[in-house]
Structure formats: C-alpha cells, structure tokens
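Hello,

Here is the structure I promised to pass on.

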Amino acid sequence: MESSKNEVTPTLFSPYKLGKFSLSHRVVLAPMTRCRAINEIPNEALKEYYVQRSTPGGFLISEGTLISPTAPGFPHCPGIYTNEQVEAWKKVVDAVHAKGAVIFCQLWHVGRASHTVYQPGGEAPISSTNKPISNRWKILMPDGSTGKYPVPRPLASDEIPEIVEHYRQAAMNAIRAGFDGVEIHGAHGYLIDQFLKDGINDRTDEYGGSFANRCRFLVQVVRAVATAIGAGRVAIRISPAIDHLDASDSNPLALGLAVVNSLNKLQLDLNSQFTYLHVTQPRYAAYGQTESARQGSEEEEAHLVRTLKKAYRGSFMCSGGYTRELGMEAVAQGDADLVSYGRLFISNPDLVQRFLVNAPLNRYVRKTFYTQDPVVGYTDYPFLGKDSSSKVLARL
C-alpha cells in the first residue's frame, strides 16, 4: 500500500526526482532565443541572464544552441561547436551551478528556417526538402529587418550521418562545458521537425513516407547523443500538433505516438531512460504571431498531451502558453511532471518566487525579445523586494 506522502497531490512547488537530478520545484526555464551572444559567443550578459533565473534545485534549459556553422537562422545565437564557445559557456554554467540549479543545453539546427546570409559561403540552407517556408512567415535578418525564406537544399541520404555527427559532437562539447545534459530540439519547424512532419517531408527514400522513416533521423540523432554522453543526460523536445514555420502534419496525434513509441523502444535498446520528453502544446506562438496556428480545440489539445504523457515511459514536461493556474492544474491532474515557461520567465527573472506567493507579474516587452542590447529587455526586469525574495526561497 502506498504511503500517504505519495498520495499528496503534487503542485508546481513539489520536489521532483528527474533522473539523477533532485529538483526542489517543477517550474522550468524554457529554451528561448534571445540573440545576445554576439558573434555566437556566450558572454557576461548571458551569464547574468541565466543566473538571475536560477534557484536552488531549479531546472533551466538554455536557448537554442547551434551545433554547426550551418545551424543558425537568427543573428547572434550562441554555438557549442568551437572550443571558444565551449570555454565561454563554462563561465555561464559554473555561475548557474553556484546558485544550486541544474542546466541543460538545447542542441539546435534550424534547417530550412535559415537564409543564405547565415550560411557558410552564402549556400542554401539544408533541409529534408526543397520546399521553402511560405511567405506567411518572415525571417529576422542580421540588421533587424525581416526577409523571405529562401529555397532550401534537401540533404542527400549519404549526407545525413555527418549531421548526426554534428549533434553527437555538440553534445560532447556541452558536457565538456559543464552542462548537466542536453535537450535535442526536434520541434517548432526546425531541422528534425522538417523530417518528422508530412506537411514538409516529401522524401521517397528511407527518411520519408512512413512514420518509421520520418522518425529515422530523430532516432539516429538521439541514439548517437545518448551513446556519447549517456541516456540519463539526454532529453528530447517535440511539437507534433504545431504548424509553426509551416510544420504541419496530417495526423499530429499519430505522429506524436510514433515518436513516443520510437523513443520508448530506444530506451529499451539502450537499457536506460532519457531525462525527459518535452512537448509543446499548440497554443504556443512566436515572432508576435497570433494563435491562428492552433489546429484544434482546448479539449483536443489536452487529449493529445494526455495521450502522449500516458504512452511515454519517463518524465514528461509541457510548455506552450502556460499560466501559473494552468501549470498547477497540469501537474495536479498528472498531465505533466514539469512545466516550462518562456515569455513569463523573460520578464520575471524571479518567476518561481512570484508563482509561489502568487505575486503580480511584470509584463514582457515583445519588441525587445530579439535585440542585441545586453541589458534592456534582458537583465533589467525588476525582482520582488529582497526581503520577500529571500523568504520565498527559504520555503522551497
């Protein structure tokens, strides 16, 4: 018979054992592109930003971090593929650890969501396809203007192992930099998602067509990374029901289950669990877009997430437009073990403390999300009073 302790309904502020990591609460810093790493090198501004959002026993996921020179699609995103980048990240990670927090590095390749201006030699971006992203979407250019997405170049099947190797090496570099693990970005219309979604993937080789074929690239990446650094340091993010950057699928639930089943099988093959699966709900919106990308009702969205949570064998994280109340509800009902927050964490560096005492939240300023200012819209949002903040931390 279970103890009464195990029968207590969990909240966002309940401790959680995430693999080998003991967390004091379940409010996670979501990975968010912020464009402050000038020339792809993490700096003092990044260190301050992550330290501000660190709490003892808290969990942070870094912004999307580039795995190779062909990976970027935004200006001034940090990389993890050179020694200089690794050494710069060490300072950030060490400072986060000094606050008692755990931090994972999100490994990112944008695929076709790039532009020739970001590519070595002005080449076309790589993808699963030669179909460009539609004019519904605009890419942020280095000078702050917006541009049109170009026609991508589909990867030949014999080129894919090299991309897998870039993920593997980036994961090893992340561990060398001191990160506690990595999250593989397989969501939001970026490279891995371009293989997963049948609205993009029109291949006729072993990487296209069936669910198994479309999941093949993701599985190869996850296997290579897990073999290199250990499955217990690896997490995966997916967004089967989101059509961000035209990443639509004809059957999101079936795709999500295919990914989950592939990951479950891989865990059995590796005889080890991944750290977590991170699923973004359709109410997610970016670049100032409205929520027109939502493909179903709240009930359909909830059903999808609950189905994936039930099917996945391991820790489950949700994200996408969550409020304090929605996060509490998701954890209490067993729909998620952890909830990651993006925009609310941008404007509230002490979001955990504010949530705990249900304090008012600072409003975020969207126009400063993707600027290069090292302070404005980045590390200048106010905290609760010092006395209040220290008392709240003592309760965690």
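A word on the helix terms before the notes: axes are lines fitted to C-alpha atoms, for helices over the stretch in contact, and angles run from 0 to 180 degrees between N-to-C directions. Helices (H or I, at least four residues) and strands (E, at least two) are DSSP runs, numbered from the N terminus. This is a predicted model, in which local features need pLDDT of at least 70 and side-chain atom pairs count only at pLDDT 80 or more, while totals for chains, interfaces and linings use all residues. Residues are numbered from 1 along each chain as its sequence is written, and side-chain values use heavy atoms, with hydrogens and water left out.

**Helix packing**

Two packed helices are described by the angle between their axes and the distance between the axes. Here, helix 4 (residues 160–176) packs against helix 6 (residues 211–229) at an angle of about 35°, and their axes are 9 Å apart. On the helix 4 side, the residues in contact (heavy atoms within 4.5 Å) include Ile160, Ile163, Tyr167 and Met172, and they meet residues of helix 6 including Phe217, Val221 and Ile229. The contact of helix 4 with helix 6 divides into 13 nonpolar residues, one polar and one charged (Ala, Val, Leu, Ile, Met, Phe, Trp, Tyr, Cys and Pro count as nonpolar, Asp, Glu, Lys and Arg as charged, and the others, Gly among them, as polar).

**Aromatic pairs**

Rings of Phe, Tyr and Trp (its six-membered ring) pair if their centres lie within 6.5 Å; planes under 30 degrees apart count as stacked, over 60 as edge-to-face and the rest as tilted. By this rule the count comes to 17 aromatic pairs. Tyrosine 49 and tyrosine 50 have ring centres 5.1 Å apart and planes at 80°, so they form an edge-to-face pair. Both tyrosine 49 and tyrosine 50 are buried (under 20% relative accessible area; exposed is over 50% and partly exposed in between, with a 1.4 Å probe and protein chains only). Phenylalanine 59 and phenylalanine 104 make a tilted pair, 5.0 Å centre to centre with 55° between the planes. Since phenylalanine 59 lies in strand 4 (residues 59–66) and phenylalanine 104 in strand 5 (residues 102–108), the pair ties together parts that are 45 residues apart in sequence. Phenylalanine 59 is buried at 2% relative accessible area, and phenylalanine 104 is buried at 0%. Phe74, Trp108, Tyr190, Tyr364, Phe369 and Tyr370 form one aromatic cluster.

**Salt bridges**

How many salt bridges does a search of the whole structure find? The search finds 13, counting a side-chain nitrogen of Lys or Arg within 4 Å of a carboxyl oxygen of Asp or Glu. Glutamate 87 and lysine 90 form one of them, at 3.0 Å from N to O. They are three residues apart in helix 3 (residues 83–98), separated by about one helical turn. Glutamate 87 is partly exposed at 40%, and lysine 90 is partly exposed at 25%. Aspartate 337 forms a salt bridge with lysine 309, the closest N and O atoms being 3.9 Å apart. Aspartate 337 counts as buried, at 13% relative accessibility.

Best wishes
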